[in-house]
Amino acid sequence: MAVIFDHTILLSKLKAYGVGSNSSNWFKSYLDNRTQKCFVNGSLSNSQTLTCGIPQGTFLGPLLFILYINDLPNCLVNSHPRMYVHDTHLTFASNDVAHLEENMNDDLTKITEWLAANKLTLNKSKTEFMLIGSRQRLNTFGRLPSFTIESNSIKQVEFTKSLGVNIDENLTWNAHIEHISKKIASCIDILKRSRSFVPFETLLCIYNALVQPHFDYCSVVWGNCNKSLSIKLQKLQNRAARILTSFSYDANADDLFVRLGWQKLNLQRELKTATMVYKSLNGLAPDYLKLMFTNWSAISTYSLRNCEGKLAVPFPRTNFLKNSFSYSGAVLWNSLPTNLRQAQTLASFKSGCRCFLFQNK
């Protein structure tokens, strides 16, 4: 959606949200009487008064835009929206193609009407859809669904990027691991080229700034990727360790990790997953994450030893559930000692969990 919004509509929405007259007048004075010129090919246009949009680079810009589109979900009947600034994802679950088409096209029509009423436009070239499911389930579809916006067909894609994470239609994480592996390999090459004239401490800073963030970013989401993908990432960390320590390509990576004070990637991901479960259970994360877990005591009348603070583990009928945060998080949480599950602060939990995971594996 274009982020140039109408001033009159914005002010009316602020009023509906409870912004008082004095504050509303302040926003009005902030938006009114602004002009703009364009400089193209050496020529400067005449000054034009702006009746929509706000100055670029301002702190108020993102906030006002979020307030402007905050009521978009109210127009939807069937699908569930997930919104981040001007990126909006609609999801709907069904095993029937006709059911998918009917419900999604109905909501797409409502979206179009809402956009028109709010004087916004949709970037049709960047609008796409993806069917998510196992290969076996998707193969049962006799035909592909057809989705349209203002008589324009929406193209299907096999994977898409959402907030920096590449999600594919089978949730295999192949596309995401391939994407970050290329970035990591490129950054490791920078380390290799810099090694001869940069001190070790600087090389380590470069690694922590350019390489490690790719291993960490959203690893709670994709961390249960299959073994071959996990090995692919681990080889990259091994390579970085050999470059940083100036050892040969066949040096034992485990010994180098001890020298560097590193832990293998699977243990780093376990720590991040356990930390996210702790946050979810203790009100330090969005509420929907807490709803993924159920305390063992809430469903069982038996009092078993060491069950304090344990979670009920859902029965995984498919690999999708087995690889999900709700399942793997519960299994990992239950493997922690009681004193960690009952930690009073996040800092004490992370410290204790780091010792437990890194020293016991």
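## Helix packing

In which hand, left or right, does H12 pass H18? The crossing of H12 past H18 is right-handed. On the H12 side, the contact is made by Leu267, Gln268, Glu270, Leu271, Ala274, Thr275, Tyr278 and Lys279. On the H18 side, Leu346, Phe349, Lys350, Cys353, Arg354, Leu357 and Phe358 take part.

The model is predicted. Helix H12 covers residues 265-281 and helix H18 covers residues 346-359. Their axes are 10 Å apart, and the packing angle is about 150°.

## Overall chain

The chain holds 18 helices and 12 strands. Its C-alpha atoms fill a box of roughly 65 × 65 × 50 Å along the principal axes. Of its 361 residues, 38% count as buried.

Take contacts between residues at least 6 apart in sequence: 60% of them join residues at least 24 apart. The chain exposes about 21,800 Å². Carbon and sulfur atoms supply 53% of that area.

## A surface patch

Tyr84, Val85, Leu163 and Tyr217 form a nonpolar patch on the surface. Together they have about 390 Å² of accessible area.

Tyr84 sits in strand S5, residues 80-84. Tyr84 counts as exposed because its relative accessibility is 51%, and the cut-off for exposed is over 50%.

## A buried serine

Ser219 belongs to helix H9, residues 219-222. Ser219 counts as buried because its relative accessibility is 2%; buried means under 20%. Leaving out residues up to four places away in sequence, Ser219 touches Arg269 and Lys272.

Terms used. Residues are numbered from 1 along each chain as its sequence is written. This is a predicted model: local features need pLDDT of at least 70, side-chain atom pairs count only at pLDDT 80 or more; totals for chains, interfaces and linings use all residues. Side-chain values use heavy atoms; hydrogens and water are left out. Patches are made of residues with over 30% relative accessible area and no salt bridge: like charges are joined within 9 Å, nonpolar side chains (Val, Leu, Ile, Met, Phe, Trp, Tyr) within 5 Å. Accessible areas come from the Shrake-Rupley method with a 1.4 Å probe; for residues, only the protein chains shown count as cover. A salt bridge is a side-chain nitrogen of Lys or Arg within 4 Å of a carboxyl oxygen of Asp or Glu. Helices (H or I, at least four residues) and strands (E, at least two) are DSSP runs, numbered from the N terminus. Buried means under 20% relative accessible area, exposed over 50%, partly exposed in between (1.4 Å probe, protein chains only). Contact means heavy atoms within 4.5 Å. Axes are lines fitted to C-alpha atoms, for helices over the stretch in contact, and angles run from 0 to 180 degrees between N-to-C directions. A crossing is left-handed if the near helix is turned anticlockwise from the far one by less than a right angle, and right-handed if clockwise.
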